[in-house]
Amino acid sequence: MTYGYIRVSTDQQNTENQKYEIKKFTESNMMIVDCWIEETISGTRLVENRELGSLLEKMQEGDRLICSELSRLGRSLFMIMGVLNECMKRDIQVWTIKDNYRLGNDISSKVLAFAFGLSAEIERNLISQRTKEALARKKAEGVILGRPKGRISAKTKLSGHEDQIQRLLKENTSYSAIGRMFNVNRITVSNFVKRHNLSTL
């Protein structure tokens, strides 16, 4: 199927110009638009929160999406690349009129797919590097990272079994036996009993 996608940012803008461009283009290329999607929403909104997101979910392999220009898909480069990458992975064609852009199975599309993958990998590496640098800076400033040394985690394998352990203690069950039941050592049981003030009487 061929879908015509039209987006304007405000109510004051008219969708007719974009629709006219798409109609003229499809007619000159002996194509028919099977379904029109029109929405009035900012291109900065997440794709999944737009009609475009719903459209992409239902489109199938071999379908074609036509819009007047790439900027109709989103306001940022990464948003547009995200849409194009999703279409490419699912073998959905994207055609634009003003940009004369064609996303399909040709070599230029495959080069573009490589660029998408590379940019995504670079972004992941940059995020990882920024995280490492931030942690190193905090460490240099004397900030303690992670759980403070010597601090005991509030949750253990025995957490939530206080009543059962209390009952076992009243039956004179040893710490070692309780440890075997919960797959922990007797020291862990002893510390747990002391920390939670469990009575052996």
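## Overall layout

From the N terminus on, the elements of the protein chain follow the order β-α-β-α-β-α-β-β-α-α-α-α. That gives seven helices and five strands. Please keep in mind as you read that this is a predicted model.

Of the 201 residues in the protein chain, 34% are buried. Among contacts with a separation of 6 or more, 63% are made by residues 24 or more positions apart.

## The sheet

Let us turn to the strands. The five of them form an open sheet with mixed pairing, in the order β2-β1-β3-β4-β5. At the edges stand β2 and β5 (102-103), each with a single partner strand, so one side of each has no neighbour in the sheet. As background, strands of a sheet pair through backbone hydrogen bonds, and they can do so either parallel or antiparallel.

Strands β1 and β3 run parallel and are joined by three bridges.

Helix α1 lies across β1, β2, β3, β4 (93-96) and β5, and runs at about 155° to β1.

Is Gln-18 buried or exposed? Gln-18 has a relative accessible area of 10%, and residues under 20% count as buried, so Gln-18 is buried. A polar atom of the Gln-18 side chain lies 2.9 Å from the backbone oxygen of Arg-7. Not counting residues up to four places away in sequence, Gln-18 touches Tyr-5, Ile-6, Arg-7, Val-8, Ser-68 and Arg-72.

## The aromatic pair

How many aromatic pairs does a search of the whole structure find? The search finds one. Phe-25 and Trp-95 make up this edge-to-face pair, with 6.1 Å centre to centre and 75° between the planes. Because Phe-25 lies in helix α1 and Trp-95 in strand β4, the pair ties together parts that are 70 residues apart in sequence.

Both partners are worth checking for accessibility. Phe-25 counts as buried at 13% relative accessibility, and Trp-95 is buried with a relative accessible area of 17%.

Ile-97 is found in the loop between β4 and β5. With a relative accessible area of 22%, Ile-97 is partly exposed. Leaving aside neighbours within four places in sequence, Ile-97 is in contact with Glu-21, Ile-22, Phe-25, Cys-67 and Ser-68. The C-alpha atoms of Ile-97 and Lys-24 are separated by 10.0 Å, and these two residues are 73 residues apart along the chain.

Asn-100 also has its place in the loop between β4 and β5. Although Asn-100 is not a glycine, its phi is positive, at about 55°. Asn-100 counts as exposed, at 56% relative accessibility. Asp-91 has a positive phi too, of about 60°, and is not a glycine either. Asp-91 lies in the loop between α3 and β4 and is partly exposed, with a relative accessible area of 23%.

## Helix α2

In helix α2 (residues 51-58), the residues Leu-52, Gly-53, Leu-55 and Leu-56 are buried. Viewed down the axis of α2, these buried residues fall within an arc of 160°, so they line one face of the helix. The cover over the buried residues of α2 includes β1 (2-8), β2 (35-40), β3 (64-67) and α3 (77-89).

## Helix α7

Finally, take a look at helix α7 (residues 186-195), where the buried residues are Val-189, Ser-190, Phe-192 and Val-193. Down the axis of α7, the buried residues fall within an arc of 165°, so they line one face of the helix. The elements covering the buried residues of α7 include α5 (162-170) and α6 (175-182).

Both ends of α7 have something to show. At the start of α7, a side-chain oxygen of Asn-185 comes within 3.0 Å of the backbone nitrogen of Ile-187. After α7 comes Asn-197, with a positive phi near 50°.

Methods
Residues are numbered from 1 along each chain as its sequence is written. This is a predicted model: local features need pLDDT of at least 70, side-chain atom pairs count only at pLDDT 80 or more; totals for chains, interfaces and linings use all residues. Side-chain values use heavy atoms; hydrogens and water are left out. Buried means under 20% relative accessible area, exposed over 50%, partly exposed in between (1.4 Å probe, protein chains only). A polar contact is a pair of N or O atoms within 3.5 Å; within protein, one must be able to donate a hydrogen and the other to accept it, and residues adjacent in sequence count only if both atoms are side-chain atoms. Contact means heavy atoms within 4.5 Å. Helices (H or I, at least four residues) and strands (E, at least two) are DSSP runs, numbered from the N terminus. The arc is that of the directions from the helix axis to the C-beta atoms. Two strands pair if DSSP finds at least two bridges between them. Axes are lines fitted to C-alpha atoms, for helices over the stretch in contact, and angles run from 0 to 180 degrees between N-to-C directions. Rings of Phe, Tyr and Trp (its six-membered ring) pair if their centres lie within 6.5 Å; planes under 30 degrees apart count as stacked, over 60 as edge-to-face and the rest as tilted.
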